[in-house]
Amino acid sequence: MRIGYYPGCSLQSSAREYDLAARLVARHLGVQLVDIPDWNCCGASAAHSTDPFLAVALPARNLVLASEMGLDITVPCAACYHRLRMAQRELAHDRDLGRKVAEVLGRPYRGTVRIYSLLETITGIGLEQLAAQIVRPLKGLRVACYYGCLLVRPPGIGCDDPENPESMDRLIETTKAETVSWGYKNECCGGALVFGAREAAFRLARDILRNATGAGAHAIVCACPLCQSNLDLRQGQVNKMFGTNFAVPIFYFPQLLGLAMGLNPRDLGLTTHFVDPQRALKVVGG
Amino acid sequence: MPRIGVFVCWCGSNIGGVLDCPELARVAGSFPGVVFSTDYKYVCSDPGQNLIVESIRKHGLDRVVVASCSPRLHEETFRQALRRAGLNPYFLEMANLREHCSWVHPDAQEAAQRKAIDLVRRAVAKAALLEPLSPGRIPVIKRCLVIGGGIAGIQAALDVADAGLEVLLVEREPTIGGNMVKLDKTFPTLDCSACISTPKMVAVAQHPGIKLYTYAEVEEVSGYIGNFKVRIRQKARYVDHSKCTGCGTCWTKCPTSVPDEFNMGLGERAAIYIPFPQAVPNKPVIDAAHCRQLIKGKCGICAKHCPAEAIDYKQRDEVFEVEVGAIVVATGFGLFQWEKVYGEYGYGRYPDVITGLAFERLVNAAGPTGGKIQRPSDGKEPKTVVFIQCVGSRDEAKGKEYCSRVCCMYTAKHAHQVLEKIPGAQVYVFYIDVRTFGKGYEEFYRRVQDEGAVYIRGRVSKVYQDGTKLIVRGADTLLGEPVEIAADMVVLATGVVPSAGAQDVARMIGVSVDKDGFFQEAHPKLRPVETHTGGIFLAGACQGPKDIPDTVSQASGAGGKVCALLLKDELETSPMVARVNEALCTGCLACREVCPYRAIQAVTITERLPGQPPRERVVARVTEGLCQGCGSCTVACRAGAVDLKGFTNEQLLAEVDALCL
Amino acid sequence: MLLGGKDKPDPAFLEAVVRASGQKTLAHCYQCGKCTAGCPTTFAMDYKPNQIIRMLQLGRKEEVLGSRTIWVCTACFTCSTRCPCNIDVAQVMDSLRVIARREGKTRLGKDVVLFNDLFLLSVRRNGRVFESGLVLSFNLRRKTFFRDAELGKFMFARGKLRFTPDRPRGVRELARLFARAEERVEE
Amino acid sequence: MSINENVVVNANVWEPKIVAFLCNWCSYAGADLAGVSRLKYPANIRIVRVPCSSRVNPQFILRALQRGADGVLVAGCHPGDCHYVTGNYFTRRRLTLFKSLLEFVGFEPERLKVRWVSAAEAGRFAETVKEMVEEIKLLGPNRRLQDSML
């Protein structure tokens with residue numbers, strides 16, 4: 001399978017391991033990720049809080065590039081996925097806007113590109129096919145699958161049920177790891193507020209960490225660089241702010257999948273986490 | 001040539017103040033066919049009517065035009081006058097000079113006068129073409145079908161039967177009683193629901209005028225008011241009720257157990273069962289989907305133990321037809337399927353999040369817990385109970401915009417029951433508005449607050465399981481604060497929807513439903529128990545969410561309507577119905593497609609043309625008992641074979657011509 | 001007139017917000033508070049989301065635009081997902097942020113606005129967000145130089161920080177998009 | 001005031017004549033209510049009562065236009081509120097088609113108006129008449145379909 005790949009800005013720096021793991025796992029599963037040449041930032045929350053035109057125009061350029069490639073696209077970052085899908089919906093509702101964007105870019109906007117989240121693309125391979133690739137079962141590892149907001153909301157845009165998403169759980173269960181049932185799988189991590197309202201953001205992160213560990217999880221699995229960085233990179237700051245002592249590793253889902261497929265932990269970026277996953281992985285002989 | 005008389009009414013100054021009535025009468029006298037014309041102060045008064053009667057006699061009039069007010073007001077009055085004069089009452093035509101002319105054009109007298117002349121000319125032109133009409137008479141079958149054996153159907157059946165009429169009551173479940181008999185207590189009086197409904201169930205079974213068919217369904221309805229044909233399917237019970245004594249040996253011996261519908265799945269029953277101990281009839285049926293003998297052909301335990309040898313695994317469904325004169329639809333309600341759409345409350349994954357109706361069974365002494373309020377998950381007594389109102393009501397996003405009416409009150413009742421049965425219990429009720437619309441309801445709500453129920457104004461956004469607790473995340477909008485409660489049990493006030501299969505019943509009997517699937521009444525204020533189809537009446541929650549008093553009132557209303565209909569020997573039907581000229585009809589049946597009343601049927605006639613062998617062909621025929629006279633068919637007919645009596649093509653064209661002169 | 005407002009009701013404001021956020025109507029809101037109940041950041045808000053909708057219904061422009069609420073909304077769409085009246089509350093908040101910014105009413109949202117501006121500046125210059133540059137300039141502007149210093153060291157050590165942005169060739173196209181956006185605002 | 005004057009005086013001032021087919025249950029009752037409420041509207045309209053708007057055969061409309069009517073109004077219950085359940089849906093379908101047919105053969109479609117007027121909408125009825133009279137005054141007399149022109 002060949003599919004266009006939109007990594008997004010975070011995956012080039014703070015979420016480098018997500019990019020590494022995504023590319024590596026995809027290759028091993030026979031999915032050829034073709035980078036959208038010359039892609040640009042989707043604008044994230046900054047654009048839609050500032051200017052409605054930019055909020056659509058920035059993602060639209062990427063959709064134009066993708067349609068020129070003639071490929072559908074897959075998007076690892078939940079926020080980018082959300083923005084691209086929202087822009088596409090907006091453009092479908094407002095033809096005029098599409099014309100304006102095309103006019104400024106000097107390229108036609110067609111709106112035919114289908115946008116998938118990486119989670120959808122990987123689960124779309126088929127759970128049985130995936131299970132067949134598992135050579136190093138993660139038996140004994142208990143994880144909380146965390147979907148956050150933008151992967152599943154709003155309805156019609158998100159790629160799974162907004163209230164009880166389960167696709168990641170089913171995917172992770174193919175590795176023989178155990179998934180816990182918990183109440184915060186679709187709560188907001190507050191990542192968008194780290195710079196604007198830091199305390200609020202950390203409080204949300206704390207609640208998620210507390211609920212996951214309360215449910216017996218050794219680790220959290222996610223599909224969003226913002227969530228990962230707010231929960232992992234900021235975990236120390238969260239502990240400091242609230243006097244807690246969480247040490248919960250936060251994985252990207254392809255990292256765990258890759259590990260179970262027998263891929264090299266270093267190649268999957270498992271050495272660059274703030275909270276070292278080694279201890280959690282010890283239960284599976286990691 | 002007809003002899004037309006024209007009577008121009010002044011209506012005091014209402015018409016006479018704007019129009020020159022004597023002049024109008026004079027002009028009318030010159031219209032073709034008019035042999036007499038006059039004006040009079042008040043034609044509708046007794047002397048005015050007498051003037052008409054006398055003029056008919058004196059001048060040999062055979063058509064009458066009254067130029068006065070709206071025919072919607074006095075058409076019937078003047079028809080009676082014609083009848084008194086020995087004339088066919090349908091030889092009357094009116095010109096509406098008051099509502100459509102003098103009252104709306106008081107400042108344009110000239111134009112009004114010209115218009116009035118046109119209006120009278122139109123009426124005269126139509127009058128010249130009027131035909132004698134007489135209402136049809138149809139016999140009435142003095143038997144009533146009631147569909148649904150809940151409290152509405154029971155009440156309607158009893159009322160009709162008490163009037164000496166025969167009633168067939170058809171219920172699809174193995175027992176009558178419906179939803180009401182599942183309830184523990186009834187608000188606001190807290191009397192025991194079973195205690196007040198089971199005597200009525202028994203009364204139905206014992207009434208000599210009522211034939212009860214349980215475990216049966218109506219399959220087809222045809223015919224029309226006074227003369228319906230109904231096909232009923234008696235589902236196989238696999239138990240011969242003429243032999244069965246209801247001793248109960250079979251269900252104690254049956255090795256199969258399945259979730260018990262009557263207890264909302266909270267308990268279990270055998271494959272051969274009665275739904276509950278006071279069921280009527282008090283004899284079991286075999287649930288074919290779960291019986292080992294019927295599925296695998298191996299078991300036969302109930303047959304072996306039955307002392308009456310009543311078990312008959314070879315029993316088949318029976319289908320039979322009956323004729324009835326009236327039908328009462330009382331198919332009741334079902335619960336909104338919250339598990340399908342309320343993901344934020346867990347999609348039904350958490351065992352301790354239950355519906356109000358399940359709570360009724362939990363708290364009922366005859367229920368699965370013997371009346372102890374226990375958590376379905378671990379059987380423990382909940383200390384903190386949260387009630388969430390408007391689940392599937394007033395929720396446009398979940399497809400239900402309407403208020404279900406009963407939830408506020410039953411939730412208040414549940415809150416009371418928790419506080420009464422569990423010492424030290426904490427009860428929280430999340431609400432949006434508390435609607436206590438009935439007698440004694442507001443007082444009951446206040447009593448429950450006095451007892452300690454905490455009402456929080458706000459909708460719950462999320463419920464999730466955290467260990468053994470359910471975390472309920474809501475808001476107190478009066479304080480403007482979010483609220484979180486760790487609850488042991490959550491009871492959802494699930495909304496009321498039409499019962500499953502109501503749509504099929506509606507289609508079968510040709511009655512429309514509203515956008516939410518409830519049966520559509522003929523008029524929301526003034527004809528709340530009738531439907532647009534003559535002879536079919538509505539009772540209870542099938543027409544819209546209702547509490548028990550309203551349901552019973554409406555059922556008695558429907559019963560009264562049925563009696564008024566069936567106590568007549570014959571029905572008079574409006575003569576203004578469609579007719580088919582079979583000689584012109586090509587049998588395309590385009591007319592049948594547009595008829596809202598299924599009043600047009602295809603019949604085969606044998607045509608004998610001179611010099612040709614007889615030939616069979618299909619033509620359309622109007623069933624006058626069903627036709628309501630809209631005339632849609634007349635336009636659909638490409639051959640011009642269908643016409644509407646009282647509004648014929650010829651008459652309408654003559655009216656148009658007269659107006660455009 | 002309605003009592004209690006700090007400023008004169010402005011019905012045109014309601015209409016502008018309804019239009020900008022693509023809502024059918026806000027009139028159906030019956031204040032059930034489900035938005036507030038599910039909102040993750042109410043603790044940091046001065047007015048709760050349902051109160052914002054109420055104030056909008058009444059056209060209380062100054063209070064709405066001056067609220068802290070619109071700046072601590074994370075745009076997580078929980079409210080929009082659950083609103084029984086089909087109001088897309090998150091989209092409404094978005095439109096309020098845009099209007100507040102355009103009208104310079106950002107007193108309680110300075111950090112958010114600063115971050116967003118720097119973010120877009122980075123996109124405008126580089127086509128993509130140059131994360132290290134963004135964080136650095138944000139902390140410089142806020143004079144909180146060392147706030148995330150320890151994280152910076154850590155990230156650098158793990159190859160998560162880059163010192164040069166990479167620039168897509170399409171930067172010129174993007175510049176046109178930005179210019180167009182500015183024209184629209186002036187319109 | 002005498003009838004002769006009335007007829008003669010305005011003979012050379014053209015006033016449009018509009019034939020209206022009103023359903024008995026809603027629109028005719030609405031027109032009655034306009035009278036009861038003493039609303040005023042131009043006297044150019046002549047009402048024919050029909051049981052349901054679906055009784056109106058396009059042939060009637062054509063006949064009115066051929067015989068000198070300058071406009072035709074067909075009014076019935078609002079869709080969904082038909083006294084005969086579904087009659088006005090047929091009206092809507094038929095007359096939409098008929099109107100485009102009129103347009104196709106080169107006739108001004110504005111001369112045919114289909115309106116939904118309930119028994120309570122006296123104001124709407126009066127407004128409809130006013131509006132229609134004004135519109136048809138702008139169009140001028142109907143010559144295209146009159147018998148004399150055929």
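1. Let's start with chain D, which has five helices and four strands. Helices (H or I, at least four residues) and strands (E, at least two) are DSSP runs, numbered from the N terminus. Along the sequence, chain D runs α-β-α-β-α-β-α-β-α.

2. A word on what you're looking at: this is a predicted model, where local features need pLDDT of at least 70 and side-chain atom pairs count only at pLDDT 80 or more, while totals for chains, interfaces and linings use all residues. Residues are numbered from 1 along each chain as its sequence is written, chains are lettered from A and ligands numbered from 1 in the order in which they are written, and side-chain values use heavy atoms, with hydrogens and water left out.

3. Back to chain D: of its 150 residues, 53% count as buried. Buried means under 20% relative accessible area, exposed over 50%, and partly exposed in between (1.4 Å probe, protein chains only). The accessible surface of chain D comes to about 6,500 Å², with 56% of that belonging to carbon and sulfur atoms; such areas come from the Shrake-Rupley method with a 1.4 Å probe, and for residues only the protein chains shown count as cover.

4. Now for the place where chains B and C meet. The contact (heavy atoms within 4.5 Å) takes 21 residues from chain B and 18 residues from chain C. Between them, the two chains bury about 1,500 Å², 48% of it on carbon and sulfur atoms. Buried area is the accessible area (1.4 Å probe) that two parts lose on being put together, summed over both. On the chain B side, Glu396(B), Arg459(B) and Ser461(B) lose the most area to chain C, together 31% of what that side buries.

5. How many salt bridges are there between chain B and chain C? The count is one, with a salt bridge being a side-chain nitrogen of Lys or Arg within 4 Å of a carboxyl oxygen of Asp or Glu. Lys34(C) and Glu344(B) meet this way through their side chains (2.7 Å, N to O).

6. Two single residues are worth a click. Leu136(C) sits in helix H9 (residues 131-142) of chain C and is exposed, with a relative accessible area of 57%. Asn50(B), in helix H3 (residues 46-59) of chain B, is partly exposed at 32%. Asn50(B) and Arg375(B) are 325 residues apart in sequence and 81 Å apart in space, C-alpha to C-alpha.
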